[in-house]
Amino acid sequence: VLVSSSDLAGARARFEEVLKIYERLAAANPSRVDVQRDLSVSLEKLGNVLVASGDLAGARARFEESLEIRERLAVANPSSAEAQRDLGVSLEKQGDVLVASDDLAGARARFEESLKIAERLAKSNPSNAEAQRGLSVSLEKLGGVLVSSGNWEEARTRYEASLKIRERLAESNPSSAEAQR
(Lines give C-alpha, C1' and ligand atoms only; values in the text may rest on other atoms or scores of the structure.)
Protein backbone atom coordinates (compact mmCIF):
# COMPACT_ATOMS: atom_id res chain seq x y z
CA VAL A 1 0.00 0.00 0.00
CA LEU A 2 2.82 2.39 0.85
CA VAL A 3 4.56 1.69 -2.47
CA SER A 4 1.30 2.15 -4.36
CA SER A 5 0.71 5.49 -2.65
CA SER A 6 4.28 6.60 -3.49
CA ASP A 7 5.41 6.62 0.13
CA LEU A 8 8.73 4.98 -0.66
CA ALA A 9 10.36 6.05 2.61
CA GLY A 10 7.51 4.48 4.57
CA ALA A 11 7.59 1.36 2.44
CA ARG A 12 11.35 1.06 2.90
CA ALA A 13 10.97 1.33 6.69
CA ARG A 14 8.34 -1.41 6.75
CA PHE A 15 10.29 -3.70 4.43
CA GLU A 16 13.39 -3.20 6.61
CA GLU A 17 11.36 -4.18 9.69
CA VAL A 18 10.09 -7.29 7.93
CA LEU A 19 13.60 -8.11 6.75
CA LYS A 20 14.91 -8.09 10.33
CA ILE A 21 12.22 -10.58 11.30
CA TYR A 22 13.03 -12.90 8.40
CA GLU A 23 16.76 -12.63 9.10
CA ARG A 24 16.15 -13.80 12.68
CA LEU A 25 13.89 -16.63 11.51
CA ALA A 26 16.36 -17.73 8.83
CA ALA A 27 19.26 -17.70 11.28
CA ALA A 28 17.25 -19.82 13.71
CA ASN A 29 16.04 -22.19 10.97
CA PRO A 30 18.83 -22.48 8.39
CA SER A 31 17.54 -25.78 6.99
CA ARG A 32 13.94 -24.62 6.47
CA VAL A 33 13.51 -23.97 2.76
CA ASP A 34 10.33 -21.93 3.24
CA VAL A 35 11.97 -19.60 5.75
CA GLN A 36 15.03 -19.13 3.54
CA ARG A 37 12.77 -18.42 0.54
CA ASP A 38 10.77 -15.90 2.60
CA LEU A 39 14.04 -14.14 3.45
CA SER A 40 14.98 -13.98 -0.23
CA VAL A 41 11.54 -12.56 -1.13
CA SER A 42 11.87 -9.94 1.62
CA LEU A 43 15.28 -8.90 0.29
CA GLU A 44 13.84 -8.68 -3.22
CA LYS A 45 10.92 -6.49 -2.11
CA LEU A 46 13.28 -4.15 -0.29
CA GLY A 47 15.47 -4.08 -3.40
CA ASN A 48 12.47 -3.10 -5.51
CA VAL A 49 11.75 -0.15 -3.21
CA LEU A 50 15.40 0.88 -3.31
CA VAL A 51 15.31 0.86 -7.13
CA ALA A 52 12.17 3.00 -7.10
CA SER A 53 13.93 5.37 -4.68
CA GLY A 54 16.98 5.64 -6.94
CA ASP A 55 19.32 3.76 -4.59
CA LEU A 56 20.76 1.41 -7.20
CA ALA A 57 23.77 0.41 -5.08
CA GLY A 58 21.52 -0.51 -2.16
CA ALA A 59 19.14 -2.37 -4.45
CA ARG A 60 21.99 -4.27 -6.05
CA ALA A 61 23.26 -5.35 -2.62
CA ARG A 62 19.83 -6.61 -1.56
CA PHE A 63 19.26 -8.36 -4.89
CA GLU A 64 22.68 -10.00 -4.56
CA GLU A 65 21.83 -11.27 -1.06
CA SER A 66 18.55 -12.66 -2.39
CA LEU A 67 20.37 -14.24 -5.33
CA GLU A 68 22.85 -15.99 -3.04
CA ILE A 69 20.00 -17.55 -1.05
CA ARG A 70 18.16 -18.59 -4.20
CA GLU A 71 21.32 -20.11 -5.68
CA ARG A 72 21.71 -22.26 -2.56
CA LEU A 73 18.05 -23.29 -2.68
CA ALA A 74 18.22 -24.11 -6.40
CA VAL A 75 21.36 -26.23 -5.94
CA ALA A 76 19.79 -28.03 -2.98
CA ASN A 77 16.51 -28.58 -4.89
CA PRO A 78 17.43 -29.03 -8.57
CA SER A 79 14.08 -30.62 -9.42
CA SER A 80 12.06 -27.81 -7.83
CA ALA A 81 10.58 -25.63 -10.56
CA GLU A 82 9.82 -22.96 -7.94
CA ALA A 83 13.45 -22.83 -6.76
CA GLN A 84 14.71 -22.66 -10.34
CA ARG A 85 12.15 -19.99 -11.31
CA ASP A 86 13.05 -17.95 -8.20
CA LEU A 87 16.70 -18.13 -9.20
CA GLY A 88 15.85 -16.91 -12.69
CA VAL A 89 13.86 -14.00 -11.27
CA SER A 90 16.77 -13.03 -9.01
CA LEU A 91 19.14 -13.08 -11.95
CA GLU A 92 16.75 -10.83 -13.89
CA LYS A 93 16.43 -8.40 -10.96
CA GLN A 94 20.21 -8.23 -10.77
CA GLY A 95 20.34 -7.72 -14.56
CA ASP A 96 17.77 -4.92 -14.40
CA VAL A 97 19.75 -3.01 -11.78
CA LEU A 98 22.95 -3.53 -13.76
CA VAL A 99 21.25 -2.06 -16.85
CA ALA A 100 20.16 0.94 -14.77
CA SER A 101 23.77 1.27 -13.56
CA ASP A 102 25.08 1.16 -17.17
CA ASP A 103 26.84 -2.18 -16.66
CA LEU A 104 25.56 -3.74 -19.88
CA ALA A 105 28.11 -6.57 -19.91
CA GLY A 106 27.17 -7.57 -16.37
CA ALA A 107 23.48 -7.31 -17.18
CA ARG A 108 23.89 -9.44 -20.28
CA ALA A 109 25.65 -12.15 -18.26
CA ARG A 110 22.82 -12.22 -15.69
CA PHE A 111 20.12 -12.25 -18.39
CA GLU A 112 21.88 -15.09 -20.21
CA GLU A 113 22.02 -17.12 -16.99
CA SER A 114 18.33 -16.46 -16.42
CA LEU A 115 17.53 -17.42 -20.01
CA LYS A 116 19.19 -20.83 -19.57
CA ILE A 117 16.98 -21.51 -16.56
CA ALA A 118 13.86 -20.31 -18.38
CA GLU A 119 14.70 -22.52 -21.36
CA ARG A 120 15.05 -25.58 -19.12
CA LEU A 121 11.77 -24.84 -17.34
CA ALA A 122 9.90 -24.24 -20.61
CA LYS A 123 11.37 -27.37 -22.21
CA SER A 124 10.50 -29.55 -19.23
CA ASN A 125 6.89 -28.36 -19.25
CA PRO A 126 5.93 -27.16 -22.74
CA SER A 127 2.22 -26.90 -21.90
CA ASN A 128 2.79 -24.65 -18.89
CA ALA A 129 1.86 -21.10 -19.94
CA GLU A 130 3.74 -19.55 -17.01
CA ALA A 131 6.97 -21.32 -17.99
CA GLN A 132 6.52 -20.29 -21.61
CA ARG A 133 5.81 -16.68 -20.64
CA GLY A 134 8.87 -16.72 -18.38
CA LEU A 135 10.98 -17.81 -21.33
CA SER A 136 9.49 -15.02 -23.44
CA VAL A 137 10.30 -12.43 -20.75
CA SER A 138 13.88 -13.70 -20.47
CA LEU A 139 14.32 -13.45 -24.23
CA GLU A 140 12.91 -9.92 -24.19
CA LYS A 141 15.18 -8.75 -21.37
CA LEU A 142 18.23 -10.14 -23.14
CA GLY A 143 17.05 -8.50 -26.37
CA GLY A 144 16.81 -5.17 -24.58
CA VAL A 145 20.37 -5.26 -23.29
CA LEU A 146 21.57 -6.36 -26.72
CA VAL A 147 19.86 -3.33 -28.30
CA SER A 148 21.52 -1.08 -25.70
CA SER A 149 24.86 -2.68 -26.58
CA GLY A 150 24.33 -2.11 -30.31
CA ASN A 151 24.05 -5.81 -31.09
CA TRP A 152 21.04 -5.41 -33.38
CA GLU A 153 21.03 -8.79 -35.13
CA GLU A 154 21.22 -10.86 -31.97
CA ALA A 155 18.62 -8.59 -30.33
CA ARG A 156 16.29 -9.16 -33.26
CA THR A 157 16.72 -12.92 -32.96
CA ARG A 158 15.83 -12.80 -29.25
CA TYR A 159 12.84 -10.52 -29.81
CA GLU A 160 11.53 -12.72 -32.64
CA ALA A 161 11.80 -15.83 -30.44
CA SER A 162 9.94 -13.99 -27.67
CA LEU A 163 7.25 -12.87 -30.10
CA LYS A 164 6.68 -16.42 -31.38
CA ILE A 165 6.11 -17.66 -27.84
CA ARG A 166 3.69 -14.82 -27.10
CA GLU A 167 1.82 -15.42 -30.33
CA ARG A 168 1.40 -19.10 -29.39
CA LEU A 169 0.19 -18.14 -25.92
CA ALA A 170 -2.29 -15.61 -27.32
CA GLU A 171 -3.56 -18.07 -29.91
CA SER A 172 -4.02 -20.86 -27.37
CA ASN A 173 -5.86 -18.60 -24.95
CA PRO A 174 -7.85 -16.00 -26.88
CA SER A 175 -9.95 -14.99 -23.85
CA SER A 176 -6.90 -14.12 -21.74
CA ALA A 177 -6.35 -10.36 -21.59
CA GLU A 178 -2.80 -10.95 -20.35
CA ALA A 179 -1.94 -13.25 -23.27
CA GLN A 180 -3.47 -10.83 -25.75
CA ARG A 181 -1.65 -7.86 -24.22
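**Exercise 1. Find out whether Glu-44 is buried or exposed, and what surrounds it.**

Step 1: Take the relative accessible area of Glu-44, which is 14%. Step 2: Compare it with the cut-offs: buried means under 20% relative accessible area, exposed over 50%, and partly exposed in between, with a 1.4 Å probe and protein chains only. Glu-44 is therefore buried. Step 4: List its contacts (heavy atoms within 4.5 Å). Leaving aside neighbours within four places in sequence, Glu-44 touches Phe-63, Ser-66, Arg-70, Val-89, Ser-90 and Lys-93.

A word on the source: this is a predicted model, where local features need pLDDT of at least 70 and side-chain atom pairs count only at pLDDT 80 or more, while totals for chains, interfaces and linings use all residues. Residues are numbered from 1 along each chain as its sequence is written, and side-chain values use heavy atoms, with hydrogens and water left out.

**Exercise 2. Describe how α5 packs on α6.**

Step 1: Helices here are DSSP runs (H or I, at least four residues), numbered from the N terminus. Step 2: Helix α5 (residues 104-124) and α6 pack at an angle of about 160°, and their axes are 9 Å apart. Step 3: Angles run from 0 to 180 degrees between N-to-C directions, with axes fitted to C-alpha atoms over the stretch in contact. Angles under 35 degrees count as roughly parallel, over 145 as roughly antiparallel, 65 to 115 as roughly perpendicular and the rest as oblique. So α5 and α6 are roughly antiparallel to each other. Step 4: Sort the contact residues by class: 13 are nonpolar, 5 polar and 4 charged. Here Ala, Val, Leu, Ile, Met, Phe, Trp, Tyr, Cys and Pro count as nonpolar, Asp, Glu, Lys and Arg as charged, and the others, Gly among them, as polar.

**Exercise 3. Do the analysis again for α6 and α7.**

Step 1: Helix α6 (residues 129-148) and helix α7 (residues 152-172) pack at about 160°, with axes 8 Å apart. Step 2: That makes α6 roughly antiparallel to α7. Step 3: Their contact residues divide into 13 nonpolar, 5 polar and 6 charged.

**Exercise 4. Step back and characterise the whole chain.**

Step 1: Count the elements: there are 8 helices and 0 strands. Step 2: Buried residues make up 35% of the 181 residues. Step 3: The C-alpha trace spans about 45 × 35 × 35 Å along its principal axes.

Notes:
Helices (H or I, at least four residues) and strands (E, at least two) are DSSP runs, numbered from the N terminus.
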